[in-house]
Structures are given as structure tokens and as C-alpha cells.
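Subject: Structure handover

Hello,

Here is the structure I said I would pass on. My notes on what turned up in it follow below.

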Amino acid sequence: MNYTWDWGAMRQALPLLLTGFETTLLATVLGILVAAVLGLVVAMLGRAPTRLVTIPVRAVTEFVRSTPLLVQLVGAYAVFNTVRPLTIGIAVLGIHYASYLSEVYRAGIDAVPRGQWEACRALSLSPRRTWQAVILPQAVRNVLPALGNYGISMFKETPFLAVITVTEMVAQAREYGANHFVYAETFTLAGLIFLVASYPTSLLMRKLEKRLGH
Amino acid sequence: MATDPLQKPDTEHRAQDTVAAGHLIEFDQVVKRYGDHVVLDHLDFTVERGRHVTLIGPSGSGKTTILRLLMTLERISEGLILVGGRPLSHMAGPNGSLKPADEKYQREVRKKIGMVFQQFNLFPNMNVLQNITEAPVSVLGLDRAEAEERAGELLDMVGLREKITAHPTQLSGGQQQRVAIARALAMRPEILLLDEVTSALDPELVAGVLDLLREIAHTTDITMLCVTHEMGFARDISDQVLMFDGGRVIESGPPERIFGDPEQERTREFLSAVL
Ligand SMILES: Nc1ncnc2c1ncn2[C@@H]1O[C@H](COP(=O)(O)OP(=O)(O)O)[C@@H](O)[C@H]1O
Ligand SMILES: [Mg+2]
């Protein structure tokens with residue numbers, strides 16, 4: 001079989017794919033923000049003094065972690081059928097990754113040495129200042145590298161959003177490819193754009209990790 | 001004396017009266033256990049206001065535990081600890097009874113007590129100034145300018161004014177410990193607890209920290225409770241030395257006597273091992 005590679009199609013599809021890329025980027029950035037905040041909330045709820053809180057919290061995170069993202073997306077799309085698909089996508093991505101990040105936060109909080117808590121007590125700091133001024137800034141530092149890695153993997157999972165009709169980049173590639181019979185070209189292009197965006201990001205993260213002394 | 005109807009019962013003055021009459025710190029039959037392991041065994045001792053007391057004794061004899069109980073980092077198993085006449089871990093319950101202290105009460109009592117740790121425990125996410133001003137601002141309610149002025153004076157005293165914006169990781173162990181001392185003093189505690197504060201330091205940095213503590217001992221009226229293996233230092237600053245063994249005070253007295261002419265064989269053995 002002889003397939004002629006259509007460079008022109010790649011060039012023509014580029015602007016369309018870049019509009020899709022904007023959606024991809026938006027979903028990733030907002031998704032990771034939701035995950036970062038919610039993950040922290042979950043981690044702190046997991047340390048609540050009563051099991052009335054910790055057991056339900058653990059059950060929900062376990063559920064979210066052990067069901068596929070795709071299933072969660074389709075399920076949420078079916079239930080919240082009046083909400084904008086992109087909003088659902090961001091929320092589901094955020095919640096899904098929050099369940100992983102809460103573990104990372106938990107470990108990050110546990111990694112703050114006991115002496116830090118004791119110094120807070122010795123200075124009579126309130127629980128609020130203890131968390132806000134001492135524990136969380138150090139825990140977040142422990143969490144930052146993982147946050148970057150999860151961000152990149154979320155970025156690469158955004159094509160799932162196409163299933164709930166969000167026209168992110170891969171959906172655009174498929175549509176253009178189907179209309180012009182240039183699947184290979186447009187998907188290659190989409191892949192290249194992912195590579196171009198995520199590789200420097202991961203390099204940046206590695207640098208950041210080094211600077212933070214991990 | 002006629003009772004003044006306008007005068008409310010003044011609990012604070014009453015507390016101070018008992019202090020004037022009694023002791024600043026009082027351990028009353030204190031027991032501390034970890035599981036089956038009895039660390040402090042019906043311990044009794046008192047410390048008068050303004051005194052500098054050194055705790056000596058073999059490793060594992062419970063010296064750190066005493067300081068940690070005073071700082072309420074550990075819970076007492078039995079007995080009572082009084083600070084300024086007020087129970088540390090208990091508060092007034094109904095009909096003059098005592099009930100376990102809640103967090104708020106403990107924070108109130110704790111404000112009188114400062115502690116310096118073996119491992120410094122400075123906050124690595126804050127610079128030197130922030131380390132020192134955090135508690136005066138957020139706990140004592142000082143405004144920032146006031147707290148910074150206080151911090152500046154303390155940094156002058158510990159000789160680290162030029163490190164005011166440095167982060168703990170940029171300081172030597174000795175410098176970190178001097179900042180930790182300044183941080184504790186910024187709360188103007190009545191009692192300062194020092195737990196082997198030089199034992200994590202390189203030998204050449206020990207003298208600077210000990211000199212600072214000598215200065216504090218001689219120029220302030222802070223009551224100091226000090227665990228140390230530096231016997232020369234203990235001799236210099238202490239009014240009283242308590243020798244611990246097996247969870248009890250086996251001997252106590254002025255440093256000249258404890259170091260010069262100990263009564264107990266156990267003390268003699270210990271001193272000949274460390275000196
Ligand atoms: N958290 C703990 N759990 C169990 N045992 C402990 C704990 N802390 C201290 N101990 C035990 O209590 C004893 C006294 O310890 P410590 O007060 O640190 O002694 P010192 O400071 O005189 O060396 C030791 O035998 C130690 O093993
Ligand atoms: Mg000790």
C-alpha cells in the first residue's frame with residue numbers, strides 16, 4: 001500500500017487544532033487547580049479527630065480512585081445533563097485527581113518533622129496559625145513536584161473529554177481528519193503539540209524540584 | 001478587714017499570692033508511663049521563681065520527659081504539675097474539683113513557658129525575623145512594628161542582627177540555636193526550658209551558645225530549667241542541681257556541693273563518667 005503523507009493538510013489543520021488546544025489547556029489548568037485545592041481539603045478532613053468524618057471521606061476517595069476516569073465522565077455527563085460539558089469535564093478531572101493528590105498531601109503533611117509541631121506548641125500558636133504559617137507551607141513544598149507530574153498526566157488525559165462532546169484538540173483532529181481523510185496527519189500533529197507542550201513543562205518541573213532540594 | 005463590695009474576687013491576684021508564698025514550679029507525685037515502662041516514678045520537686053536549675057543524670061533517666069511534661073508536649077499519667085500555683089494539665093471543674101484541661105486553658109498556661117530544643121526546630125519556611133515575630137504577633141497580639149523592634153533587640157543580644165533576613169538553612173547550627181533562643185525569649189516567658197541545647201552542635205560552636213545562656217541567666221530574671229551534659233556550664237549558671245536516676249531525684253543541692261562533694265554513690269559514679 002502506498003500512502004502519501006499530506007504535509008499541506010497538517011498545515012491547514014493546525015489553526016483548528018490550536019483552538020482545540022486552548023480548550024485542552026483550559027481544562028488542564030482549571031482541573032489541576034480544583035484538584036490542588038480539593039485534594040488539600042480531603043487530606044485535612046482525613047485527619048479529622050472523628051471517624052464520622054474520616055470514614056466517609058476515605059470511602060469516597062477510594063471509590064473515585066478505583067473507577068475509571070472515562071466512566072466518571074460519562075456518568076457525570078448523564079446525571080448533570082443541564083451543565084456545560086466543559087464544566088463537567090473540569091469538575092470530574094479535578095475530583096479524580098484530587099483523590100490522588102489527597103494522598104500526596106497526606107504524605108507531605110506527615111513528612112513535616114514532629115519538631116515543627118512541637119515548636120508551634122511551645123510558642124502557643126493556635127491550631128490555625130500552626131497549619132497556615134508552619135505546616136502547610138512545608139507540606140506544599142513536599143507536594144509541588146507531584147503536583148507537576150499529576151498536572152502533566154491530566155493534560156494527557158484531556159482527550160477523554162471528547163466523549164462528553166467537549167471539542168478539545170483530539171476531537172478537532174478527529175473531525176478534521178474524518179472530513180479530509182487525513183487521520184494520520186492530524187493525529188500526528190495533535191501528538192506533536194502534546195509533546196511540544198508537555199516536554200518543556202516536565203523539564204521545568206524537574207528544575208523546580210532541584211531548586212526545592214528534593 | 002472590711003470587705004469592699006466593689007471589689008470582685010480577683011483570681012489573678014490570688015494566683016500571684018500563692019506564687020509569692022509558694023513555688024513557681026511544683027511537681028507533686030508525678031508519674032509518667034509509656035505503656036508498662038515507668039519513666040517518672042512519683043516525682044516531687046519544686047523550683048522557686050528566678051532560679052536556675054540544672055537537671056543531670058544518665059541518659060534515659062527522664063530529664064527530657066520532665067521538660068516535655070512542663071511544655072505539655074506529653075500527658076501526665078498521675079499526679080499534678082503546678083505552674084504559678086495553677087495546675088498545668090487540669091482546670092477548675094464544678095465544686096472546686098479538677099478536670100482535665102482543655103486546649104484553650106493549656107495554651108494560656110503554656111504562654112508562660114518557653115522551650116529551646118536540641119534540634120533547634122526553627123521554621124524553615126520563614127526567615128529569622130519571621131521566626132521570631134510569628135508568635136508575638138499571632139499569640140500575644142503585638143503589632144508588627146512592636147514585634148520587629150523586640151526581635152531586633154533580641155537579635156542584637158544573640159549577636160545575629162545581620163542575619164535578620166537569612167533563612168535557617170543558611171545559618172550554622174550555633175546560629176540557628178541562638179535564633180531559637182531569641183524566638184523563645186520574644187514571648188517573654190517566665191520559665192525557659194532548655195533541653196541539651198548544645199548537644200547537636202559542632203564542638204567549636206558550643207561555647208558561643210553557652211556564653212549567651214550565661215548572659216541570659218545573669219541579666220534576666222527568667223526561671224531556667226536546663227538539661228545539660230556540660231558540667232562546667234551547669235556549675236556556672238545553676239543555683240540548684242537535681243540529680244536524676246530511675247525516674248526520681250536522688251540528690252539535689254547547690255552546684256558546689258553536688259559537683260564537689262556528692263552524697264550519693266550513684267551521683268559520684270555519674271559525675272566521674274561525664275567529667
Ligand atoms: N514517646 C515515647 N515512647 C516510649 N518511651 C519513651 C518515649 N519518650 C521517652 N521514652 C522513654 O522514657 C525514658 C526517659 O526518656 P527521656 O526523658 O528522653 O530521658 P533523658 O532525657 O533523661 O535521656 C527512656 O527510657 C525513653 O526510652
Ligand atoms: Mg534527653
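A polar contact, as used here, is a pair of N or O atoms within 3.5 Å. By that rule B:Gly60 touches ligand 1, because a polar backbone atom of B:Gly60 is 2.6 Å from an oxygen atom of the ligand, inside the 3.5 Å cut-off. Please keep in mind throughout that this is a predicted model.

The ligand site

Two side chains also reach oxygen atoms of ligand 1. The side chain of B:Thr65 places an N or O atom 2.5 Å from an oxygen atom of ligand 1, and a polar side-chain atom of B:His37 comes to 3.1 Å from an oxygen atom of ligand 1. How much of ligand 1 does the protein bury? On its own, ligand 1 exposes 560 Å², and the protein buries 61% of that area.

Strand S2 (37-47) and helix H2 (63-70) of chain B are the elements that each give two or more residues to the shell around the ligand. H2(B) gives the most, with 3 residues. The residues around ligand 1 include a run in chain B made up of B:Pro58, B:Ser59, B:Gly60, B:Ser61, B:Gly62, B:Lys63, B:Thr64 and B:Thr65. B:Tyr34, B:His37 and B:Val39 are also among the surrounding residues. Sorted by class, the shell has 7 polar, 3 nonpolar and 1 charged residues.

The interface between chains A and B

On the chain A side, 18 residues are in contact with 24 residues of chain B. The two chains bury about 1,700 Å² between them, and carbon and sulfur atoms give 56% of this area. Which three residues supply more than any others of the area that chain A buries against chain B? They are A:Arg121, A:Leu123 and A:Ser124, which together supply 37% of it.

There are 2 salt bridges between chain A and chain B. One of them pairs A:Arg129 with B:Glu134, with 2.8 Å between the closest N and O atoms. In chain A, helix H5 (114-122) and helix H6 (127-157) each supply at least two residues of the side that touches chain B. H5(A) gives the most to that side, with 8 residues. By class, the residues on this side of chain A divide into 9 nonpolar, 5 polar and 4 charged.

Chain A itself

Chain A has 8 helices and 0 strands. Its C-alpha trace spans about 75 × 40 × 25 Å along the principal axes.

A:Glu118 and A:Arg114 are 4 residues apart in helix H5, about one turn of the helix. Over all chains, the structure holds 19 salt bridges.

Regards

Key: Residues numbered from 1 in each chain as written. Chains lettered and ligands numbered in written order. Predicted model: local features only at pLDDT ≥ 70, side-chain atom pairs only at ≥ 80, totals over all residues. Heavy atoms only, no water. Contact = heavy atoms within 4.5 Å. Buried area = accessible area lost by both parts, 1.4 Å probe. Salt bridge = Lys/Arg side-chain N within 4 Å of Asp/Glu carboxyl O. Nonpolar A, V, L, I, M, F, W, Y, C, P; charged D, E, K, R; others polar. Near = heavy atom within 4 Å. Polar contact = N/O pair within 3.5 Å; in protein donor to acceptor, adjacent residues only side chain to side chain. Areas by Shrake-Rupley, 256 points an atom, 1.4 Å probe, with all protein chains shown as cover.
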